[in-house]
Amino acid sequence: MGIFERKGGVTASSWIYDTLRQDLVNGRFTAGEKLAISALKERYGVGLSPLREALNRLAAYGLLIQENQRGFRVPRLAREELGDIADMRRELEGMALERAIQRGDAEWESELLAAAHRLKRADESPEMEEEWERLHLRFHRTLVAPCGSTWLLRFIEQLHDQFDRYRRLAPGNPEVRRLLDAQHGELVELALARNVQGARELMDDHIKRSYEVALGSFAP
């Protein structure tokens, strides 16, 4: 059994799926790029079967395009698509946040405070960018975790990945970044106060401002 067939109990297909998913979201491949199977096998050190399984899953998930008899390609970037993704995030995350605030218990409050604290510490360390990305995702997951709908959380996760394809390619905007970071703390305060309307309005603004940053992924 090879090193990538089982790694901490994770199958080769699951490992390469998770790794490729992160690389696609993080912009390690060029938008519109055709993926060469042979190059991927060598780059990630996996066999053909688990690699093809992972590529098919990523195509079904929307992070790759499967072309008939011609392999896989990274989706191109499009303003219209980004706008659609942002609109759906506002709708679904607003709904999930409202339900989470109504259903969340004391344990959720503790987990939310802890997630916000870890994210704030990463905010103060610019060199921890990859760690910040991981903690940022965890914070947003924790915020809506008790919404009570597995499907709603799945859709939000998929939208986050699609949105981040654009955001991670955009140039940094320190002023907006500081505002967005501050809004994380404000979202926690509103959630703990069970202020549904205020939290939804702030989440809507948070996503709008993130969308404005993500627009920077398009060259002028």
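Predicted model: local features only at pLDDT ≥ 70, side-chain atom pairs only at ≥ 80, totals over all residues.
User: Why is Asp181 called buried?
Analyst: Buried means under 20% relative accessible area. Asp181 has 15% relative accessibility, so Asp181 counts as buried.

User: Where is Asp181 found, and what does Asp181 touch?
Analyst: You can find Asp181 in helix α8. Leaving aside residues up to four places away in sequence, Asp181 touches Asp123 and Trp132.

User: Why are α4 and α9 called roughly antiparallel?
Analyst: Angles over 145 degrees count as roughly antiparallel. The axes of α4 and α9 cross at roughly 155 degrees, and α4 and α9 are therefore roughly antiparallel to each other. Their axes come within 9 Å, and the crossing is right-handed.

User: What kinds of residues make up the contact of α4 with α9?
Analyst: The residues there divide into eleven nonpolar, eight charged and three polar.

User: Which residues touch the most other members of the largest nonpolar core?
Analyst: Good one to look up in the structure! This core has 35 residues, and Leu97, Ile101, Leu112, Phe139 and Leu143 touch the most other members. Two or more residues come from each of α4, α5, α6, α7, α8 and α9. Of these, α4 gives the most, with eight residues.

User: What does Leu112 touch?
Analyst: Not counting residues up to four places away in sequence, Leu112 touches Phe139, Thr142, Leu143, Val188 and Ala191.

User: Which residues does the second core include?
Analyst: This separate core has 22 residues, including Ile16, Leu20, Phe72 and Val74.

Terms used. Residues numbered from 1 in each chain as written. Heavy atoms only, no water. Core = buried A, V, L, I, M, F, W, Y, C linked by side-chain atoms within 4.5 Å. Buried < 20%, exposed > 50% of the residue type's maximum accessible area, 1.4 Å probe, protein only. Helix = DSSP H or I, 4+ residues; strand = E, 2+ residues; numbered from the N terminus. Contact = heavy atoms within 4.5 Å. Axes fitted to C-alpha atoms, helices over the stretch in contact; angles between N-to-C directions. Parallel < 35°, antiparallel > 145°, perpendicular 65-115°, else oblique. Left-handed = near helix turned anticlockwise from the far one by under 90°. Nonpolar A, V, L, I, M, F, W, Y, C, P; charged D, E, K, R; others polar.
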